[in-house]
Amino acid sequence: MDICIIGYRDENSRYLYEEFRKKDFSKVFLTDISKLNVRISNKKISIYYKNKTELNWDVYLLRTGAEDYFSYLVANTLEEKAVVLPSSKAILSVGDRGLLAKTIFESKSLLQPVTYISSSDEAAKRVAVKFKKIALKFGKHGGKGVAIINKPSTSSDLLSIFSGIVQPFCIQKFVEGEIIKSLVVGEEVIGVKEYLPAEEERSNKGKKEYLRLKEEIKSALLKFAKYLGADFFEADLIKGKRKYFLIDVSLNPDLKMYADLSGKNVGAIFADYILRNYSIVQKNLNF
């Protein structure tokens, strides 16, 4: 089986590349998505590398920004004739907070805070006053654009500032509790607990430590993975008094962080999972 890793030449993509090379793939190729072109003619749509070579691999692993709709176009085109991880459905769903909230709801696997998606600042302002504390998110995903607001008046000012610049808006009821990051990698789930600096509400800068997740939440995340169409992603959870809430999903997680904290070789785990689960699928596609 040949595999092509499409992403950016960052530490995590290189880590996957090096671990995949140790496994029983016939070929492993790593490329930056910026080197790809989508060629559309009257006869077919194709993906070309450096505008010279048409991509023709058995399996494609995409590690790109979820907010990038070029990634969706590439995945959707390639999966017509090959295995693409994650699926174009997952890329589309995670790339927009409204679609992500809808996907979480439809999966019936995990709870999420009460969420409103508004196309204008006026509509968003009417929603913001319903809650004492909210998480204000921009509709376009990407791991940025989240503000925790304690006062409705503050949210009104912020919405006015960003009106016409970033829309739609996502307003979510703030849920108090422990922050748990979890990496779904094939059939495994790796948990990390995050401790935030005193001055922060939610951040990626806090101390992190490995956490053994309960089987109940592992099963829920694997069920969600199946509905989402992604074998490899990060889920941000809030553990309340008795419930877990899913508040965010990323298709481009920090793999080295999970590997270092858990002591597990995430790249090797995923490589083995692909070889075990997609070899037969690819043979059927070729047939």
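**Briefing on the predicted model**

The second largest pocket has a volume of about 210 Å³. The model is predicted. The chain holds 287 residues, with nine helices and 16 strands.

**Second largest pocket**

- The lining of the second largest pocket includes Ser109, Leu110 and Leu111, together with Lys214, Glu216, Ile217 and Ala220.
- Lys239, Lys241, Arg242, Lys243 and Tyr244 also line this pocket.
- Helix α7, which spans residues 215-228, gives the most to the lining, with three residues.
- By residue class, the lining of this pocket divides into six charged, five nonpolar and one polar.

**Asn12**

- Asn12 is located in helix α1, which covers residues 11-21.
- Asn12 counts as buried because its relative accessibility is 9%, and the cut-off for buried is under 20%.
- The side chain of Asn12 reaches the backbone nitrogen of Leu255 at 2.8 Å.
- Not counting residues up to four places away in sequence, Asn12 touches Arg63, Pro253, Asp254, Leu255 and Lys256.

**Chain as a whole**

- Of the residues in the chain, 51% count as buried.
- Among contacts in the chain with a separation of 6 or more, 66% are between residues 24 or more positions apart.

Key
Residues numbered from 1 in each chain as written. Predicted model: local features only at pLDDT ≥ 70, side-chain atom pairs only at ≥ 80, totals over all residues. Heavy atoms only, no water. 1 Å grid on protein atoms, 1.4 Å probe; cavity = no way out; pocket = protein on both sides within 12 Å on 5 of 7 lines; lining within 4 Å. Points joined across faces, edges and corners; volume = space filled by probe spheres on them. Helix = DSSP H or I, 4+ residues; strand = E, 2+ residues; numbered from the N terminus. Nonpolar A, V, L, I, M, F, W, Y, C, P; charged D, E, K, R; others polar. Buried < 20%, exposed > 50% of the residue type's maximum accessible area, 1.4 Å probe, protein only. Polar contact = N/O pair within 3.5 Å; in protein donor to acceptor, adjacent residues only side chain to side chain. Contact = heavy atoms within 4.5 Å.
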